[in-house]
Amino acid sequence: MLNENLKKLRKQKGFTQEELAAQLHVVRQTVSKWEKGVSVPDAQTVSRLAEIYEVNVSDLLGTVTIPDHREDTIAQELEKINRQMTARSRMLRTLWNILTVVGILVMIRGLSGVCIGAMNYSAAAADPAYSAETLHMVLSGCISVVTKGGIRTAAGLGITMVSRFLYRSLNG
């Protein structure tokens with residue numbers, strides 16, 4: 001695919017992203033986004049990249065053949081790649097948002113367990129009507145609920161943090 005070809009050819013030519021960016025009059029982050037597949041260069045830039053790397057535009061784009069190298073043909077191929085990347089990005093964004101919501105729901109469930117366990121613990125400890133044995137059983141149950149709630153909260157937070165990290169790392 002285009003992003004893989006761009007990176008491979010840049011390294012083969014011994015250019016850094018900064019050096020290539022300077023030749024193309026763009027910032028390094030733009031080259032990085034092309035190589036990560038987050039965005040694609042315009043048709044003129046693709047032609048310039050093919051010249052710099054001394055390859056055919058069709059080789060750079062990773063297509064079988066492009067009958068001519070006119071900019072409109074290149075632009076059409078880039079538009080197709082851009083649509084594919086947009087669809088992939090939209091799907092990943094939806095996935096990460098779902099993971100975030102799941103993480104938040106797990107955290108809420110965990111926190112509610114912590115609160116319920118703590119309230120029951122507090123109420124039982126303050127009630128003189130409980131025998132020592134009954135109080136011990138109630139308090140053990142409360143501690144169990146608080147512990148499970150804490151674990152759920154930590155798991156939910158972990159899910160949320162991982163989903164946000166992955167989303168940011170894939171979207172530059």
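A: Let's begin with Asn3: leaving aside its neighbours within four places in sequence, Asn3 is in contact with Trp34, Glu35, Lys36 and Gly37, where contact means heavy atoms within 4.5 Å. Before going on, note that this is a predicted model, in which local features need pLDDT of at least 70 and side-chain atom pairs count only at pLDDT 80 or more, while totals for chains, interfaces and linings use all residues. Residues are numbered from 1 along each chain as its sequence is written, and side-chain values use heavy atoms, with hydrogens and water left out.

Asn3 sits in helix H1, residues 2-13. Helices here are DSSP runs (H or I, at least four residues), numbered from the N terminus. With a relative accessible area of 14%, Asn3 is buried; that word means under 20% relative accessible area, whereas exposed means over 50% and partly exposed lies in between (1.4 Å probe, protein chains only).

On the H1 side are Leu6, Leu9, Arg10 and Lys13, which meet Leu49, Ile52 and Tyr53 of H4. These contact residues divide into 5 nonpolar, no polar and 2 charged. In that sorting, Ala, Val, Leu, Ile, Met, Phe, Trp, Tyr, Cys and Pro count as nonpolar, Asp, Glu, Lys and Arg as charged, and the others, Gly among them, as polar. The axes of H1 and H4 come within 10 Å and cross at roughly 35°. Axes are lines fitted to C-alpha atoms, for helices over the stretch in contact, and angles run from 0 to 180 degrees between N-to-C directions. The crossing is left-handed, that is, the near helix is turned anticlockwise from the far one by less than a right angle (clockwise would be right-handed).

His25 lies in the loop between H2 and H3, and its phi is near 60°, a positive value in a residue other than glycine. Most residues other than glycine have a negative phi. At 73% relative accessibility, His25 counts as exposed.

How values were computed:
Helices (H or I, at least four residues) and strands (E, at least two) are DSSP runs, numbered from the N terminus.
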